[in-house]
Amino acid sequence: MPRLVSHPDEVIVLKRRFGQGAAKIDRYIALDGYAAAQKAIAQGKDAMPGWIIDTMKASGLRGRGGAGFPTGMKWSFVPKTSAKPKYVLVNGDESEPGTCKDHMLFREDPHAVIEGTIIAGLAIGAKTGFIYLRGEYRTLLNIMEHAVADAYARGFLGKNIFGSGLGFDIITQTGAGAYEVGEESALMESLEGKRGVPRIRPPFPAVVGLYGGPTIINNAETIANVPHILLMGGEAYCQLGSERNGGTRLFSISGHVERPGVYELPMGYPLRKAIYEVAGGILGGKELKAVVPGGASCPVLRADEIDIGLDFDQLAKCGSMLGSGGIVVLDETVSIVEFALRTIKFYQHESCGWCIPCREGTDWIKKTLTRVYEGGGAKKDIETVQYVAENMMGRTFCPFGDAAAMPTLGFVKKFRKEFEDYIEGKKAGTPLMTEEHILVGAGH
Amino acid sequence: MADVTITVDGKKITAPAGTLLIEVCKTAGIEIPAFCYYPGLSLQAACRMCVVRQEKVPKLQTACTTQIAEGQVFFTDTPEVVQARKATLQLLLGNHPLDCPVCDAGGECELQDMTFKYGAADSFYAEPKNHREEQKWSPVVYFDRPRCILCYRCVRVCGEGMDVFALAVENRGSSSIIVPNVPAQLAPDNLAQLDCEQCGMCIDICPVGALTSGTYRYKTRPWEMNHVATVCTHCGDGCKTTLGVRSTSDGSQIVRGDNRDKSGINGDFLCNKGRYAFDFANNSERITQPLVRQPNGELKPVSWEEALTYVGTKFAELLNTHGGRSFGVIGGNRLTNEEAYLLQKFARSVLHTNNIDHHRTADYAAFAQSLAGTAGRGASLRDTLIAKAVLLVGGDPTNQNPATAWNLRSNVRHNGARLYIANITEIKLRRQARAFLHVAEYGYGALAEYLAGDDSTSSSVTPDSAALASFRDALRSEESLLILIGNELRGAELKRLIDFGLTIPGAKFALLADYANSRGAADMGLLPDLLPGYTHIGPIDTADPASRIALEYHSPTSPGLDLLEIFDAATVGNLSALYVAGANPVARYDVDPATLKNTFIVVQDMFLTETAVLADVVLPAANLYEKSGCVSNSYGDLQQVKKAADRAGVRSDFEMIVRIADKMGADVRKLVPFGPGSNSEGISADMGQTRGAESGEADRHAVWLTANNLEPRLSPFDPSAMLDEIQRLVPGYKLLRLQLLSGNDQHLSPAAVPIRDDAGLVQISNRRDLVLPANDTLFTSGSLTRYSASLNDLQQNQLRQPIIQIDNKTVVD
């Protein structure tokens, strides 16, 4: 369970109600809850959708799931009229290793997710929203279901929400524990009761999505931002962040730091400060070795590369990604060979198997790195791993292949010397995996 | 869609906007490799082999999902693209067993071909391949799991194409695996297996050797076979099938049936019978020597010469003493058109009798006469793939005419065709139907009347009058309609339904029958009261072209005995001889053998059937896979039958009929117009020796000569001589010779010549039993069933399947 943490540098928007019992609907209402939805409805039926979308565009909010697509623009792609029902789908399948922000949201402020979903529905003219939680988040599902039931009881959901004459329903759903289902089209497949494999695009979900209807799919954090943005105004929210990266963001800082946890920092906040000040520095005063800046799929940064701002564009420029904001800090004791193996084991285990490069590529990288890790490696194995990873990049059906290949490439390119030394018997760091770990693989 | 122009590898190509790039390239002769892409099935983009570079697009694009638009520029053969494909192959081969020398697909494997092209021969993994044990899923489907490359073609063809959904993917990632629908826990012997239609489409469509055929595997190497495209002998759909044939010590044997030639009327499709049930030909009970009954009652093998001389002499003697009226001739549904035509001509012009019939599996006489005087109303099997609206009354195509069912499913899936079904049982095709009408038993006649506007019959069709009314309203709103009729509709009720259909301007019709040439047998005049082409029998009028056949035949001018009457005549001692070619009427019509004890019986067959065991002479016959000619399917689509296999000792029915006529002293040249120029004078009959052919081998020589672009010097055993006459005399058989010989199908639509005396239908409904649908299932094929090991295995397999009932009420969690 992530602890509640705080730091003076935080700019609090999303975390405003954390630790205040806002999972209870009365408490949520007392903390301005459901005011944003009513503010939207007060714009009048005709003006409302345009007003919401304009506000969202002005906020500069970009998708918090990892791809960083502008939310307002995404919503504007949904056709005004549609023969099939439109849907809002909230992606709470938070599975990226190192990321636990949605977990905090569902636990501390579930109504913000519900209210954001309602507003998104009002913006695009949907009558139904789905909140999809990661399969392992059973306890959080209970919280969400209670919150939804409370919202129904108050008339915030149902046939006539807030007395407006408009109807909106929310259905909660969980997965069965598949990372791949966090990919939006696989999420729809899963929600429809099918195998969790991604869909061919085009058509894009905004046109043909869930059950064939136009659908917007947003990360839970993105959606939870919506009520706040409507209340404070798009421009005000935008100014909290850096250029082209509006607002604040929840960063899950984990690994070898003194105070791990979920921090809300403005977009563009310096990574070095985030590690050394916000999270309290390296655990036990050891040396920093590397940082994974945005969840397991983001290429690793060496200790000398952390003077950089945490936003989509700056991280892209230095060859990594902001991803889902999961910052994993590794100190000098970590064996990069082991860390690379752990990472690829996760992806090998989670690959849906749909396309050849990902299914076979993750498997061969895992097998090869396992042998290297166990001491049976040869120098050409580094070449093999790099070759396979390079040939997965950009060749797979969905971004998962890149997500598996990118960190692998990062490790073997940036820490090649460490791999070579390892193969020659000069092992850096302290291996932590037991034999059982190796056999079964991480993530089981 | 409007045409757009794109550039591929510097070449300008114009095609309709939205066409898939992979198809555009195929048409333009640019090869794009793919495993998962398969025309007509849903798109996967899973194998990543078809990647191409598109200008101004950051990532490589899959050609199988790229819909073309104006001005796009693609590169399909750059080093980057080639490397991507090579890398994908390397990844596949990492786990794929390199057992090509012993793999069934070796030599015809897409993975092998692509590896050859892209040279992905390097192996840089030290770890062992993932091994899994091979599984037997059914008597005909085996799955070698390590070879599977997960292209999902089998899953899709089973689900989307067959509407069976017996295959699926289990587990995920590198553990992903194709599994059948009966899991081990539920299977009788704790081994996972398939409960399905056993069509074998999954085997055909598998690009590698993962799915293999139980009847073919490990028997041969592909290059050791000759591949002959011919027509399946089983149901009335007449699918083109490719037979893999290998030489044996006593001829050549079929070792495989598949559908590698997709040019046929069946397109991609072939069912289990076409694929596996050729094996009756190799059954050990097959007779390969003529048998003659001895005074002690035993059937004894004799030489062909002796047997034929005996039959000829005996027939001539009985003809002299008892006359042609005491003869009965029964033909079969699997004879070629040439043979059926020859048989009835032999009966009519040599035996001077109209006592000729066959096991009618559908009432084509009534069908043709109901369409008398119309043109263009006969539907082709190809129409089932494109018709906008289809009405199916009776029948169960899934079981009895599987290619028809496949086409209808495809048409609904791809074109949104509207399918209306009226049936007394809930046939499987109703799942594709826009409307399904559950008709009461014996309700088809009432349905036909109701459709034609007689509301009083409503309650005899179904108690649900509202459903019936909306069914008719929907049909009436259709501008064109393809009406498919099950063979349980006969005589008057068949005519009523067609009369209703004829009120719809664009309606076309087909009557679905059971065997390869059920339609041809009727078209060729194996009927006592109709000459070839449903020509009326009556007084000869030299001015009437309809009298041409009877004039040439010098045949009797009054109708003969039908099949039931022939046996009635035997019962009262009026049948001196019975000549049966390729039929088993004793079993089919439950004839009492005792009634035939004073009749001289000659049977041409492959096996000692219930009919053959009663015979005085049994002549071992070649089957449809062992001869050449042509057949007409239920729809009237004419196709060439090519000789594939050969068996020492047997003769084609064609040759036997000619030789019996010869032994009877008949003028063979009048029976078969062979030799240069038809019916010309002065050419002596030499029974084929002029071209150095041994007797009985003529047929094979004709095939050889045709293959070598030489004109066959016709012999009396060459069926193409008969085809000339069919073309000349049979109404509706104005066929295109080149089309036929090219192996293409052509649609013929012989509708009866309008009847002169307006006497109404020749066959009327009080003779229902005469038309006897065989009601074959997917795992039976008339008398051939018991001689086909694969069909027997499949029947047994079907009986073993657990009955899995899913109670929707209890499946909640």
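**Reading a two-chain predicted model**

Q: Where in chain B is B:Thr233 found?
A: B:Thr233 sits in the loop that joins β11 (226-231) to β12 (240-248) of chain B. The model is a predicted one.

Q: Is B:Thr233 buried or exposed?
A: A residue counts as buried when its relative accessible area is under 20%. B:Thr233 has 2% relative accessibility, so it counts as buried.

Q: Which residues is B:Thr233 in contact with, leaving aside its neighbours within four places in sequence?
A: Contact requires heavy atoms within 4.5 Å. By that test the partners of B:Thr233 are B:Phe280, B:Arg334, B:Ala516, B:Leu624, B:Tyr625 and B:Leu784.

Q: Into which domains is chain B divided?
A: The assignment gives domain 1 (3-77), domain 2 (101-282 + 783-813), domain 3 (291-362 + 518-751) and domain 4 (365-511).

Q: How are domain 1 and domain 2 of chain B placed relative to one another, and which residues make the contact?
A: Their centres, taken over C-alpha atoms, are separated by 30 Å. Domain 1 of chain B contributes 13 residues to the contact, and domain 2 of chain B contributes 16 residues.

Q: How many helices and strands does chain B have, and why is chain B described as compact?
A: Chain B contains 26 helices and 31 strands. Its radius of gyration is 28 Å, close to the 28 Å that the globule rule gives for 813 residues, so chain B is as compact as a globular protein of that length. The C-alpha trace of chain B spans about 90 × 65 × 55 Å along its principal axes.

Q: What do burial and contacts say about chain B?
A: Buried residues are 60% of the 813 in chain B. Of the contacts between residues at least 6 apart in sequence, 69% join residues at least 24 apart.

Q: How does the reading go for chain A, starting with its helices and strands?
A: Chain A has 18 helices and 11 strands. The radius of gyration of chain A is 22 Å, close to the 22 Å from the globule rule for 444 residues, so chain A is as compact as a globular protein of that length. Its C-alpha trace spans about 70 × 45 × 35 Å along the principal axes. In chain A, 61% of the 444 residues are buried.

Q: Where do the charges lie on average?
A: In chain A, the centres of the 50 positive and 51 negative side chains lie 3 Å apart. In chain B, the mean positions of 78 positive and 93 negative charges are 4 Å apart.

Note on methods
Residues are numbered from 1 along each chain as its sequence is written. Chains are lettered from A and ligands numbered from 1 in the order in which they are written. This is a predicted model: local features need pLDDT of at least 70, side-chain atom pairs count only at pLDDT 80 or more; totals for chains, interfaces and linings use all residues. Side-chain values use heavy atoms; hydrogens and water are left out. Helices (H or I, at least four residues) and strands (E, at least two) are DSSP runs, numbered from the N terminus. The radius of gyration is taken over C-alpha atoms; the globule rule is 2.2 Å times the number of residues to the power 0.38. Buried means under 20% relative accessible area, exposed over 50%, partly exposed in between (1.4 Å probe, protein chains only). Lys and Arg count as positive and Asp and Glu as negative; His and the chain ends are not counted. The place of a charge is taken as NZ of Lys, CZ of Arg, CG of Asp or CD of Glu. Domain bounds come from an automatic or database domain assignment.
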